[in-house]
Amino acid sequence: MVSRVIPVDSFDLVIFGGTGDLARRKILPALFRRFVAGQMPEDARIVGAARSDLDDEGYRAFVREALAEFVPKAEAPDVDAFVGALGYVPVDARGTNGWEELAKRMRDGVIRAFYLSVGPGLFGDLAERLHQYGMADADSRIVVEKPFGRDLESAKALNEVLVGAFDESQIYRIDHYLGKETVQNLMAVRFGNVLFEPLWNSQYVDHIQITVAETVGVGGRGGYYDKSGAMRDMVQNHLMQLLCLIAMEPPSKFDPDAVRDEKLKVIRALDPVAHHHIVRGQYSETKDTASYREDAENPRSFTESFIAMKLGISNWRWAGTPFYLRTGKRLRARSSEIVVVFKDAPHSIFGADQGTHRNVLTIQLQPNEGMTLDVTIKEPGPGGMRLLDVPLDMTFAEALGPEAEEVPDAYERLIMDVIRGNQTLFMRGDEVEAAWAWTDPLIAAWQARNDVPQPYDTGSSGPEDALMLMHRDGRRWRDIRE
Ligand code: NAD
């Protein structure tokens, strides 16, 4: 396979919060990898902007350290060349300090992108100052991180702040799940083949499972997490986005607004969820690890570190096909997957002793990205007609060769999409608001009845009731495994 790296146009990228954890772990390593891949033009500039009192050289040393930690295979000449593109300006988002200097660094005639890798409380100040100091023009882009609000009201307020300063077409709300190769592959498989789309409905799909399981606890960010919980932290954004991509109608073209219009329709068609279709949990302690309540430093916390739910979508395609979602911390394995379980063949010609066989499409996002389709075949060899389900590997890892192992990280793709001006994989303001409008009443309902999350064992698949959610429908979750 020939590598198809298409360089982007030259740009000035300012990372507000350029000394923060996200910049160190994700944003700067992603930019470095794109630089090494030859996608970043030689004259592109990256400017860190944060509170720390650093100069250009100090920031370059900081970035070298970050790369040594997060891109351990980085080669010295590449690192030297990359840090040459970096600069730093200390700025105070809430004051005047540093802004004139930052404005001076911006070049004319190149794309300007401003990555707000800071707490959402600073978005308004930053957007305002970018205008005040003449840095934002009609072609600038602004990138914002999650969390995008904590309810509909705060999300609306954030949207108002952003659209007060930038046009919606300039705003890039990141959900890094959308940058995953397999998520895009899902769209290619659905809309690039004639094979799947005719079966992609309640007539042929028995149910769909979406699991995002983590082994880590809330650890160091327990205080923040305790105010949020799995519903706000994971379901409202990541799981909802995956659900939209799986369930949406084919857009008329692969264009940002056409895709996002279809996703929005899915959220708007979600049924209200009965409270007995939601299971909330909190992990218990082990001899080596603390309980959720200890991690959150809140002995009376009612916040969920696990949630499972059964959803329905009221439209012609999906009425009658349940969607089961679950996500949690301190589970058995780190694994994110979407599983499409097709219905049984209407009639088996092979006899009852051959049991039931189902086609299952598994889209795995973590830890490895890939797609498999379980198909039923004859067990090879003598002994009559015995049926066997075997996975058909649809990732074509072998066909793609070594390139398949160098799939860009989600942040690499998303940052390059920002520079290219492609919003397809970013959430639109109305999508985020619709997701909160669906989430808010569920949270309000369990708060009103003081719902207490059920304890679950660290290293398990979550509370018993989450298993029951499926069992009582005659179904079962896929095992959580890496
Ligand atoms: P952090 O606390 O590590 O870094 C915050 C950065 O903001 C620092 O560079 C700091 O100097 C800068 N800053 C703070 N106040 C400022 C001010 N008044 N003026 C100018 N700069 C200021 O935070 P983080 O973990 O890097 O997270 C950044 C954002 O990304 C947050 O909104 C967070 O929710 C989001 N996020 C983080 C992660 C992650 O893995 N760290 C993941 C997803 C989303």
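1. How many residues surround the ligand, and which are the closest? In this predicted model, 20 residues surround the ligand, and the closest of them are Thr19, Asp21, Leu22, Arg25 and Val118.

2. Three of these side chains can be followed to particular atoms of the ligand. A polar side-chain atom of threonine 19 lies 2.7 Å from a ligand oxygen atom, and arginine 25 likewise places a polar side-chain atom 2.3 Å from an oxygen atom of the ligand. Aspartate 21 has an N or O atom in its side chain that is 2.8 Å from a nitrogen atom of the ligand. On its own the ligand has 840 Å² of accessible area, of which the protein covers 73%.

3. Taken by class, the shell around the ligand is made up of eight nonpolar, six polar and six charged residues. The element that gives the most to this shell is helix 1, with three residues.

4. Helix 1, which spans residues 21-36, also lies across strand 1 (11-16), strand 2, strand 3 and strand 4 (111-116), and its direction is at about 170 degrees to that of strand 1.

5. The strands belong to an open sheet of six, in the order 3-2-1-4-5-6 and with parallel pairing. Its edges are strand 3 (86-90) and strand 6 (171-173), each of which pairs on one side only, and the twist from one strand to the next averages 20 degrees.

6. Valine 47, for instance, has glycine 87 in strand 3 as its bridge partner.

Notes: Residues are numbered from 1 along each chain as its sequence is written. This is a predicted model: local features need pLDDT of at least 70, side-chain atom pairs count only at pLDDT 80 or more; totals for chains, interfaces and linings use all residues. Side-chain values use heavy atoms; hydrogens and water are left out. Two strands pair if DSSP finds at least two bridges between them. Helices (H or I, at least four residues) and strands (E, at least two) are DSSP runs, numbered from the N terminus. Axes are lines fitted to C-alpha atoms, for helices over the stretch in contact, and angles run from 0 to 180 degrees between N-to-C directions. Contact means heavy atoms within 4.5 Å. A residue is near a molecule or strand if one of its heavy atoms lies within 4 Å of it. A polar contact is a pair of N or O atoms within 3.5 Å; within protein, one must be able to donate a hydrogen and the other to accept it, and residues adjacent in sequence count only if both atoms are side-chain atoms. Accessible areas come from the Shrake-Rupley method with a 1.4 Å probe; for residues, only the protein chains shown count as cover. Ala, Val, Leu, Ile, Met, Phe, Trp, Tyr, Cys and Pro count as nonpolar, Asp, Glu, Lys and Arg as charged, and the others, Gly among them, as polar.
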